[in-house]
Amino acid sequence: MSRRVKVGAAQLGPIERDEPRSSAVARMIALMAQAKEQGVQLIVFPELALTTFFPRWYFQDEAELDKFYEVEMPGPETRPLFDRAAEWGIGFYLGYAELLVEHGRKHRFNTSILVDATGRIVGKYRKVHLPGHREHEAWRPFQHLEKRYFETGDLGFPVFEAFGGRIGMCLCNDRRWPETYRVMGLRGVEMILLGYNTPVHYPPAPEHDYLQQFHNHLVMQAGAYQNGTWVVGVAKAGREEGCDLIGDSCIIAPTGEILVKAETLGDELIVADCDLARCSELKENVFNFALHREPQHYSIITETKGVRID
């Protein structure tokens, strides 16, 4: 029996450093309006969708850095997105920078949330695989200071009952790591929502720049196929503050096939009618975990962080 959910991948073009939250939210609502006209039930926005990708700068003024974080969700500037989604009966995934204070100490996370069709937050994820570096590296044309500006996520890779299925979330660099998909796969995930901001230029290994789009799709398609799950990958794209970001937002079937892909580097909505029941084509056959996995041989995966030569 089919279990269909119509999904929209809402790619965003560049967000400039001085662009207010209200502008980004208005752009997202415009994409949501397009989604409403097409009968979309769940719309997926990118990582850090409310601001420019601020880890490209080295900030010494903490007050200046704090401006990029949300201290409540929804807050005054994001409330219109929640209200319009509830009015139209559309759920959404949203990536943003989260700042909370516990016991007098600030905690910063690269976060995403899952919101149902009533405007209620039903799931939260905090990015686990933080790329980049911690200290200012003057040789780089732009910084990638996620390790400085965020803590490693403390929620693991949860899966949520929503939209008639089992929905998981991750963010950007998480997509490159097979453990991301496998942990959710072992929790029966049927659709993974994934926002990203990915530069075309990778300063430590520029010889790989021409492979950025290929690698982007390679890891998401493999993760979908090897775990029998839909994957919805959504970019912040285009030339943002002098840094070129890849696009190629896409919706991938459990077979690993890309069903639809963005054609621009700007604000763009792509839509697919996703049958969650198709996950069983893989989960009950070639990737029947209970039948075929041999976890007694995988212990090194959790016993060591780096390479171990026995």
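This is a predicted model: local features need pLDDT of at least 70, side-chain atom pairs count only at pLDDT 80 or more; totals for chains, interfaces and linings use all residues.

Reader: What do the side chains of glutamate 87 and arginine 84 do?

Author: They meet in a salt bridge, at 3.4 Å from N to O. In general, side chains of opposite charge can pair when their charged atoms come close.

Reader: And is glutamate 87 buried or exposed?

Author: Glutamate 87 counts as exposed because its relative accessibility is 58%. Arginine 84 is partly exposed, with 32%.

Reader: OK, which helix does H3 pack with?

Author: Helix H1, residues 21–37, packs with H3, residues 79–88, at an angle of about 10°. Their axes are 10 Å apart, and the two helices are therefore roughly parallel to each other.

Reader: Which residues make that contact?

Author: On the H1 side they include Val25, Met28 and Ile29, and on the H3 side Leu81, Arg84 and Trp88 are among them. By class, the contact has nine nonpolar, no polar and two charged residues.

Reader: Back to salt bridges. How many are there?

Author: The count comes to 29. One of them joins lysine 106 to glutamate 62, with the closest N and O atoms 3.0 Å apart. That pair links distant parts of the chain: lysine 106 sits in strand E4 and glutamate 62 in helix H2, 44 residues apart.

Reader: What about arginine 120 and aspartate 116?

Author: Their side chains also meet in a salt bridge, 3.3 Å from N to O. Arginine 120 is exposed, at 51% relative accessible area, while aspartate 116 counts as buried, at 14%. There's a network too: salt bridges with shared partners join Glu62, Asp66, Lys106 and Arg108.

Reader: New topic: how many strands form the open sheet?

Author: Six, in the order E6-E7-E8-E9-E12-E13, with mixed pairing. Strands E6 and E13 are the edges, each pairing on one side only. From one strand to the next, the twist averages 20°.

Reader: How do E8 and E9 run?

Author: Parallel, with six bridges joining them. For example, isoleucine 192 has valine 231 in E9 as its bridge partner.

Reader: Which helix packs on the sheet and touches E6?

Author: That's helix H5, residues 178–185, which also touches E7, E8 and E9. Its direction makes about 160° with that of E7. Helix H6, residues 212–227, lies across E8, E9, E12 and E13, at about 30° to E12.

Notes. Residues are numbered from 1 along each chain as its sequence is written. Side-chain values use heavy atoms; hydrogens and water are left out. Axes are lines fitted to C-alpha atoms, for helices over the stretch in contact, and angles run from 0 to 180 degrees between N-to-C directions. Helices (H or I, at least four residues) and strands (E, at least two) are DSSP runs, numbered from the N terminus. Angles under 35 degrees count as roughly parallel, over 145 as roughly antiparallel, 65 to 115 as roughly perpendicular and the rest as oblique. Contact means heavy atoms within 4.5 Å. Ala, Val, Leu, Ile, Met, Phe, Trp, Tyr, Cys and Pro count as nonpolar, Asp, Glu, Lys and Arg as charged, and the others, Gly among them, as polar. Two strands pair if DSSP finds at least two bridges between them. A salt bridge is a side-chain nitrogen of Lys or Arg within 4 Å of a carboxyl oxygen of Asp or Glu. Buried means under 20% relative accessible area, exposed over 50%, partly exposed in between (1.4 Å probe, protein chains only).
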